[in-house]
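Dear colleague,

I am handing over the structure below, and after it you will find notes on what was found in it. Please read them with the model open beside you.

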Amino acid sequence: MRILHVWDQAGVAFVLAKYQKLRGHNSKAIMAREYDKYGIGRFYNEFIIETIKEDFIQRSLYEARSADILHIHSRADMVSMFRKEFGTSKKIILQYHGSDVRGIKKQKLPHRSKLSDLVVRGIFTYRRIRDIILRVHLNAQRMADAVIVSTPDLLPLVSNAFYVPNPVDIEHFKPHILYQKKKKALTLETEVTNAQWVLDYCKNKNISLDIEIYDRSQNPIKHADMPSFLGQYTDYVDIKYVNETILQALSKTGLEALACGLSVLDYKLDRRHGLPDEYAPMNVVSRLESVYMH
């Protein structure tokens, strides 16, 4: 199969392209370099078609001509464009990864975006903009040949979706032997999470861990360095508190921590050890093939 992954979330598209290629498929991911904050695209450079954001749509249309499968990550806005351009000659897969579908009905508009400018200028109300966004997603789900979600908690949010686990690149994320004394536990602060709430929550639940907060949004860690960074710790606290809700799923970083040999405290306050087989990349790719052929 000739597979084009369109956009990326947390490196999922690149990992899928890597292991699909190992299974004999022609697979690449197209991404705008301006959004490669953590150097994931540069790390997987042999599997990326790199472009700039201004050229992304036209380059995607060009590259899509030679693909059998168009696997779109989060960019629901591009489904109708591909369907209009190619009709039913190609399979179009839409995959949601989390906040791209969790916040559809109540998401805030990006500051200084084209949509928020329309609100500021009084052309549309926030409610009108949100209705437009919701319609885009519903139309995309209807037009796609299949819709995938990356975590089980997203299944109730999308009708007739398939659950395909996030793949972990086990050639990159694996236990590292460090000779210095290890720190105890780690949790990450990001643009959308509240790590201090997590610390208070663990304390109230009598979780006796010395937890360090690392603000990844302010001090980005490159993808190439993540295994050695995680390897400094014995535990990873994988509790994400977003929009006053604990997310009911293992995060991509939590899975990578498991692959690196850390003990992971999940959203249920259960301890996990070792990466489950369902997240092994070849198992994920095999499961994905069945969705492609559905």
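**The sheet and what packs on it**

Strand S4 (residues 69-73) pairs with strand S5 (residues 91-96) in the parallel sense, over five bridges; strands (E, at least two residues) and helices (H or I, at least four) are DSSP runs numbered from the N terminus, and two strands pair if DSSP finds at least two bridges between them. Within that pairing, His71 stands opposite Ile93 in S5. This is a predicted model, in which local features need pLDDT of at least 70 and side-chain atom pairs count only at pLDDT 80 or more, while totals for chains, interfaces and linings use all residues. Residues are numbered from 1 along each chain as its sequence is written, and side-chain values use heavy atoms, with hydrogens and water left out.

The open sheet is formed by seven strands in the order S3-S2-S1-S4-S5-S6-S7, with parallel pairing. Its edge strands, each pairing on one side only, are strand S3 (48-51) and strand S7 (162-163). Helix H3 (residues 56-64) packs on the sheet and touches strand S1 (2-6), strand S2 (26-32), S3 and S4, its direction making about 170° with that of S2; contact here means heavy atoms within 4.5 Å, and axes are lines fitted to C-alpha atoms, for helices over the stretch in contact, with angles running from 0 to 180 degrees between N-to-C directions.

**Two helix pairs**

The axes of H3 and helix H4 (residues 79-86) come within 11 Å and cross at roughly 45°, which makes H3 oblique to H4. For such descriptions, angles under 35 degrees count as roughly parallel, over 145 as roughly antiparallel, 65 to 115 as roughly perpendicular and the rest as oblique. On the H3 side the contact is made by Ile57, Ser60, Leu61 and Ala64, and on the H4 side by Met81, Phe82, Glu85 and Phe86.

Helix H1 (residues 12-22) packs against H11 at an angle of about 85°, with the axes 9 Å apart, so H1 is roughly perpendicular to H11. Here Leu16, Tyr19, Gln20 and Leu22 in H1 meet Pro281, Met282, Val284, Val285, Leu288 and Tyr292 in H11.

**Confidence**

The mean pLDDT of the protein chain is 91, and 90% of its residues reach 70 or more, pLDDT being the predictor's confidence in each residue, from 0 to 100. Over residues 106-121, however, the pLDDT is below 50, although this stretch has 20 contacts in the model beyond near neighbours in sequence. Where pLDDT is low, the predicted coordinates should not be read in detail.
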